[in-house]
Amino acid sequence: MRMFLNFWLVISISAALSLASTARAEIVVGAAASLRDALTKVATAYEKKQINKGETIRLIFAASSTIKRQIEAGAPFDAVLLADHGNMNALKKKALVVPH
């Protein structure tokens with residue numbers, strides 16, 4: 001189960017980063033604090049591969065509800081990964097996130 005979750009995280013963040021990386025030097029990712037270890041590893045690997053030269057990833061970790069409030073207040077996240085469906089669904093209903 002853990003291996004599947006790690007695989008899913010890698011695929012999800014890679015897809016989000018690819019979509020967010022339209023000629024930007026920095027990709028800002030808002031994520032649930034529980035994802036810190038996994039996303040830090042993925043971001044480090046992404047930067048090392050230099051898929052888009054000079055691109056960096058800034059990871060912002062907080063409780064899912066805090067990330068949700070930041071988005072509602074206009075925080076400019078390029079990708080968002082929350083730990084629960086409730087907060088994500090609330091953002092979808094307000095058209096503040098685009099599911100991929």
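**Close-up views of a predicted model**

View 1. A95 sits in the segment after helix 4 (85-93). Its phi is near 60 degrees, a positive value in a residue other than glycine. Most residues other than glycine have a negative phi.

View 2. Three strands form an open sheet in the order 2-1-3, with parallel pairing. Strand 2 and strand 3 (79-81) are at the edges, and each has a single partner strand, so one side of each lacks a neighbour in the sheet. On average, neighbouring strands of this sheet are turned by 20 degrees against each other, direction ignored. The parallel pairing of strand 1 with strand 3 runs over 3 bridges. A31 has L81, in strand 3, as its bridge partner.

**View 3. Helix 3 against the sheet.** Helix 3 lies across strand 1, strand 2 and strand 3. Relative to strand 2, helix 3 runs at about 115 degrees.

View 4. E26 and R58 form a salt bridge, with 3.4 Å between the closest N and O atoms. E26 belongs to strand 1 (residues 26-32) and R58 to strand 2 (residues 56-62), so the pair ties together parts that are 32 residues apart in sequence. Both ends are partly exposed: E26 has a relative accessible area of 32%, and R58 one of 39%. Side chains of opposite charge can pair when their charged atoms come close. The count for the model comes to 3 salt bridges, and the other views of such pairs follow below.

View 5. The side chains of E72 and K68 meet in a salt bridge at 3.0 Å, N to O. These two residues are 4 apart in helix 3 (residues 64-72), which means a separation of about one helical turn. K68 is buried, with a relative accessible area of 17%, whereas E72 is partly exposed at 32%. E72 also forms a salt bridge with K94, where the closest N and O atoms are 2.7 Å apart. This second pair links distant parts of the chain, with E72 in helix 3 and K94 in the segment after helix 4, 22 residues apart. K94 is partly exposed, its relative accessible area being 49%. Through salt bridges that share partners, K68, E72 and K94 are joined into one network.

View 6. The 14 residues of helix 2 (residues 36-49) should span 20 Å at 1.5 Å a residue, and the end C-alpha atoms are 20 Å apart, which agrees. The buried residues of helix 2 are L39, V42, A43 and Y46. They cover an arc of only 100 degrees around the axis, so they are on the same side of helix 2. An α-helix has 3.6 residues a turn, so residues three or four places apart point the same way. On the face turned away from the buried side, helix 2 carries the exposed residues D37, K41 and K48.

How values were computed: Residues numbered from 1 in each chain as written. Predicted model: local features only at pLDDT ≥ 70, side-chain atom pairs only at ≥ 80, totals over all residues. Heavy atoms only, no water. Expected span 1.5 Å × (residues − 1). Buried < 20%, exposed > 50% of the residue type's maximum accessible area, 1.4 Å probe, protein only. Arc of directions from axis to C-beta. Salt bridge = Lys/Arg side-chain N within 4 Å of Asp/Glu carboxyl O. Pairing = 2+ DSSP bridges. Axes fitted to C-alpha atoms, helices over the stretch in contact; angles between N-to-C directions. Contact = heavy atoms within 4.5 Å.
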